[in-house]
Amino acid sequence: MVSLGNLYFESGNFSRALKYHASILELRRENLDEDHTDVLESVEKCMEVHEAMVARAIDEKDNEMAFFHAREIIWLGLSSEAVPPAVLPKNAFGLWPCPTA
């Protein structure tokens, strides 16, 4: 299913790509430890799709959707123990999410 998500992503169908990558992430979190490399890969894929959706929303001047997807990137990064802060991408505004205590 990950390769199908990649296919959707490459074709610009970000909503479907996110659906598949999020499903894979959920399955991997249920069956693997949070620090497993496959979980990290799924988190990164979801973040990548959200980044593309932020860029598209900005292009379409849809600030509400841009903020929504930027928040999702931050949430994914902070909710995953597998993602070290250095891996977190900058959001659409060039800022890294604040680390948690």
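This is a predicted model: local features need pLDDT of at least 70, side-chain atom pairs count only at pLDDT 80 or more; totals for chains, interfaces and linings use all residues.
Local features were taken at pLDDT of at least 70 and side-chain atom pairs at pLDDT 80 or more, while totals for chains, interfaces and linings use all residues. Residues are numbered from 1 along each chain as its sequence is written, and side-chain values use heavy atoms, with hydrogens and water left out.

The chain holds four helices and zero strands. Helices (H or I, at least four residues) and strands (E, at least two) are DSSP runs, numbered from the N terminus. From that terminus the order of elements is α-α-α-α. Of the 101 residues in the chain, 36% are buried. Buried means under 20% relative accessible area, exposed means over 50%, and partly exposed lies in between (1.4 Å probe, protein chains only). The accessible surface of the chain is about 6300 Å², and carbon and sulfur atoms account for 55% of it. Areas come from the Shrake-Rupley method with a 1.4 Å probe; for residues, only the protein chains shown count as cover. Among contacts between residues at least 6 apart in sequence, 46% join residues at least 24 apart. Contact means heavy atoms within 4.5 Å.

Two packed helices are described by the angle between their axes and the distance between the axes. Axes are lines fitted to C-alpha atoms, for helices over the stretch in contact, and angles run from 0 to 180 degrees between N-to-C directions. Helix H2 (residues 14-31) and helix H3 (residues 37-59) have axes that come within 9 Å and cross at roughly 155°. H2 and H3 are therefore roughly antiparallel. Angles over 145 degrees count as roughly antiparallel, under 35 as roughly parallel, 65 to 115 as roughly perpendicular and the rest as oblique. H2 passes H3 in a left-handed crossing; here the near helix is turned anticlockwise from the far one by less than a right angle. The H2 side of the contact includes Phe-14, Leu-18, His-21 and Leu-25. The H3 side includes Val-39, Cys-46, Val-49 and Met-53. By class, this contact has 12 nonpolar, four polar and six charged residues. Ala, Val, Leu, Ile, Met, Phe, Trp, Tyr, Cys and Pro count as nonpolar, Asp, Glu, Lys and Arg as charged, and the others, Gly among them, as polar.

H3 also packs on helix H4 (residues 63-79), with axes that come within 8 Å and cross at roughly 160°. H3 and H4 are therefore roughly antiparallel. Their crossing is left-handed. Residues of H3 in this contact include Val-43, Cys-46, His-50 and Val-54. Their partners in H4 include Met-65, His-69, Ile-73 and Leu-76. The contact of H3 with H4 divides into 12 nonpolar, three polar and two charged residues.

Cys-46 lies in H3. Its relative accessibility is 2%, so Cys-46 counts as buried. Not counting residues up to four places away in sequence, Cys-46 touches Leu-18, His-21, Ala-22, Leu-25 and Leu-76. Cys-46 and Ala-17 are 29 residues apart in sequence, yet 8.4 Å apart in space, C-alpha to C-alpha.

Two lysines are exposed. Lys-19, in H2, has a relative accessible area of 53%. Lys-19 and Gly-5 are 14 residues apart in sequence and 7.8 Å apart in space, C-alpha to C-alpha. Lys-61 sits in the loop between H3 and H4 and has a relative accessible area of 71%. Most residues other than glycine have a negative phi. Lys-61 is not a glycine, but has a positive phi of about 60°.
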